[in-house]
Amino acid sequence: MAHTKSAKKSIKQNEKRRLRNKSVKTEIKTLIKKCLVAAKEKRQDELKQLLGLTYSKIDKAAKKNIIHKNSANRKKSRLMNQIKAFSTA
């Protein structure tokens, strides 16, 4: 366990940040799942709205260094490829 005041404060700050980052990552995963369900059920208007929201959340997370920039781009690319697969099938 930490001995100094600053180390104890750092532990508290890290825990707050971890929880905040976790909530953002979870929200991104949920939005991706919603997009895939909308694509599978061919609800185009809902898909378009969800896709914009999902891309926005992913980009904001990358901007705040919650996820890496390349990871964000990979998530967006894979999502779009999965949506295209549903539309052609």
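The chain has a radius of gyration of 17 Å, whereas a compact globule of 89 residues would have one near 12 Å. This is a predicted model. It contains 3 helices and 0 strands.

**Overall shape**
- The C-alpha trace spans about 60 × 20 × 20 Å along its principal axes.
- Read from the N terminus, the elements run α-α-α.

**Burial and contacts**
- Of the 89 residues in the chain, 25% are buried.
- Take the contacts in the chain with a separation of 6 or more: 54% of them join residues 24 or more positions apart.

**How helix 1 and helix 2 pack**
- Helix 1 covers residues 5-40, and helix 2 covers residues 44-63.
- Their axes lie 9 Å apart, and the packing angle is about 155°.
- Angles over 145 degrees count as roughly antiparallel, so helix 1 is roughly antiparallel to helix 2.
- The crossing of helix 1 past helix 2 is left-handed.

**Who meets whom**
- Helix 1 contributes Val24, Glu27, Ile28, Leu31, Ile32, Lys34, Cys35, Ala38 and Ala39 to the contact with helix 2.
- From helix 2 come Leu47, Leu50, Leu51, Leu53, Thr54, Lys57, Ile58 and Ala61.
- By class, this contact of helix 1 with helix 2 has 13 nonpolar, 1 polar and 3 charged residues.
- Residues of the contact include Thr54 in helix 2, Glu27 and Lys34 in helix 1, and Lys57 in helix 2.

How values were computed
Residues are numbered from 1 along each chain as its sequence is written. This is a predicted model: local features need pLDDT of at least 70, side-chain atom pairs count only at pLDDT 80 or more; totals for chains, interfaces and linings use all residues. Side-chain values use heavy atoms; hydrogens and water are left out. Axes are lines fitted to C-alpha atoms, for helices over the stretch in contact, and angles run from 0 to 180 degrees between N-to-C directions. Helices (H or I, at least four residues) and strands (E, at least two) are DSSP runs, numbered from the N terminus. Angles under 35 degrees count as roughly parallel, over 145 as roughly antiparallel, 65 to 115 as roughly perpendicular and the rest as oblique. A crossing is left-handed if the near helix is turned anticlockwise from the far one by less than a right angle, and right-handed if clockwise. Contact means heavy atoms within 4.5 Å. Ala, Val, Leu, Ile, Met, Phe, Trp, Tyr, Cys and Pro count as nonpolar, Asp, Glu, Lys and Arg as charged, and the others, Gly among them, as polar. The radius of gyration is taken over C-alpha atoms; the globule rule is 2.2 Å times the number of residues to the power 0.38. Buried means under 20% relative accessible area, exposed over 50%, partly exposed in between (1.4 Å probe, protein chains only).
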